[in-house]
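Please read the following briefing alongside the sequence and the coordinates.

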Amino acid sequence: MGKIAFGLASIEASAVVPTAIGLPFARLLILSVVGAALLGVGAGGVTTNRRPKMAAKKTVAIIGASRGLGLALADEYCARGWHVIATSRGKSLGLDELHQLYPASLEIETVDIVELASIQALKERLAGRRLDTLFVNAGICKANELTPIAVNDQDFLDMMLTNALSPMRVIGALENLVPENGVIAAMSSEIGSIGNSVGFWELYSSSKAALNMLMKAFSARRPDDPRALLLVAPGWVRTDMGGDEATLVISDSIPLVVDMVERNAGVPGLRFTNRHGEILPW
């Protein structure tokens with residue numbers, strides 16, 4: 001007598017498949033047992049449901065993803081299997097093309113971060129969602145070669161509003177969607193460091209230094225915050241904003257940025273860091 005076993009089900013070949021029944025019927029019976037095992041059906045027809053559960057996709061919200069570094073971040077996270085909520089102030093051809101590549105992974109939202117009402121509307125639309133990573137990338141660069149005496153007032157105010165105040169408003173509005181082991185990141189810059197300043201792009205760099213200060217205050221008001229709070233310096237990257245003289249291309253920067261952000265998940269505290277994870281002076 002031989003026993004035929006498949007997963008949870010087994011039969012005694014000589015007991016239930018007499019030789020008089022014939023080989024074809026025996027094969028049919030064996031196939032039915034195999035099918036039951038594959039479907040997770042045990043004795044008595046009870047479904048065992050022992051298949052491993054698929055891990056849920058992690059979700060990242062990238063605020064300011066219409067082009068440049070933000071679009072590259074959306075592309076990188078999609079390629080890594082994340083669910084990506086990417087925002088743009090208006091229509092973005094780049095995001096539309098990326099959505100064609102990742103229709104199940106990329107979700108496009110509209111927000112104008114310099115409008116507080118627009119931020120509040122986004123908060124309402126995302127209510128109840130979980131953001132494993134919130135990455136605020138939005139920013140502008142104007143009059144970067146000018147000095148304080150030469151710059152147009154509005155150009156400087158626009159940079160301060162877009163690069164410093166508005167990112168922190170977004171973080172303040174959406175922070176409760178980020179879990180305890182999550183990451184809240186804002187795109188800063190190496191030239192936002194006061195300690196390392198050599199006067200390069202002084203007006204733009206001052207807006208990034210202001211962002212760093214506001215994030216420092218955000219952290220100080222939450223001394224027991226278990227989340228990672230990151231000010232990210234991606235390097236000088238060749239984009240519309242960075243210009244043709246920049247020393248890096250996107251592939252030199254963004255994959256390393258995402259690696260660094262992922263490594264910091266679950267590590268509490270505020271850090272001003274470059275793409276390699278090296279801490280920068282304030």
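Residues are numbered from 1 along each chain as its sequence is written, and side-chain values use heavy atoms, with hydrogens and water left out. The protein has 8 helices and 9 strands, where helices (H or I, at least four residues) and strands (E, at least two) are DSSP runs numbered from the N terminus.

**Confidence**

- The average pLDDT (the predictor's confidence in each residue, from 0 to 100) is 86 for the protein, and 81% of the residues score at least 70.
- Over residues 1-48 the pLDDT stays under 50, and for this stretch the model has 42 contacts beyond four places in sequence, a contact meaning heavy atoms within 4.5 Å.
- Where pLDDT is low, the predicted coordinates should not be read in detail.

**Overall make-up**

- Of the 282 residues in the protein, 41% are buried, where buried means under 20% relative accessible area, exposed over 50%, and partly exposed in between (1.4 Å probe, protein chains only).
- Among the contacts with a separation of 6 or more, 63% are between residues 24 or more positions apart.

**The largest pocket**

- The largest pocket has a volume of about 1,000 Å³.
- A pocket is, on a 1 Å grid over the protein atoms alone, an open set of points where a 1.4 Å probe fits, with protein on both sides within 12 Å along at least five of seven lines, and lining residues have an atom within 4 Å of a point.
- Grid points are joined across faces, edges and corners, and the volume is the space filled by probe spheres set on the points.
- The largest pocket is lined by 43 residues, of which N137, A138, G139, I140 and M241 are the closest to its centre.
- Helix 3 (68-79), strand 4 (83-88), helix 6 (153-174) and helix 7 (202-220) are the elements that give two or more residues to this lining.
- By class the lining of the largest pocket holds 19 nonpolar, 15 polar and 9 charged residues, with Ala, Val, Leu, Ile, Met, Phe, Trp, Tyr, Cys and Pro counted as nonpolar, Asp, Glu, Lys and Arg as charged, and the others, Gly among them, as polar.

**Helix 3**

- The end C-alpha atoms of helix 3 are 17 Å apart, which agrees with the 16 Å that its 12 residues should span at 1.5 Å a residue, because the expected span is 1.5 Å times one less than the number of residues.
- The buried residues of helix 3 are L69, G70, A72, L73, A74, E76, Y77 and C78, and just after this helix G81 takes a positive phi of about 90°.

**Buried positions and their contacts**

- In strand 3 (residues 59-63) lies A61, which is buried with a relative accessible area of 1%; beyond four places in sequence, A61 touches I85, L131, T133, L134 and F135.
- V183 belongs to strand 7 and counts as buried at 0% relative accessibility.
- N264 is found in helix 8 (residues 250-264) and counts as buried at 12% relative accessibility; setting aside neighbours within four places in sequence, N264 is in contact with V183, A228, L230 and R271.
- The C-alpha atoms of S253 and L69 are separated by 8.9 Å, although the two are 184 residues apart along the chain.

- Most residues other than glycine have a negative phi, and most peptide bonds are trans.
- A143 has a positive phi, near 50°, in the loop between strand 6 (133-136) and helix 6, and is buried with a relative accessible area of 19%.
- W201 has a positive phi, near 45°, in the loop between strand 7 (183-187) and helix 7, and is buried with a relative accessible area of 10%.

Notes. Predicted model: local features only at pLDDT ≥ 70, side-chain atom pairs only at ≥ 80, totals over all residues.
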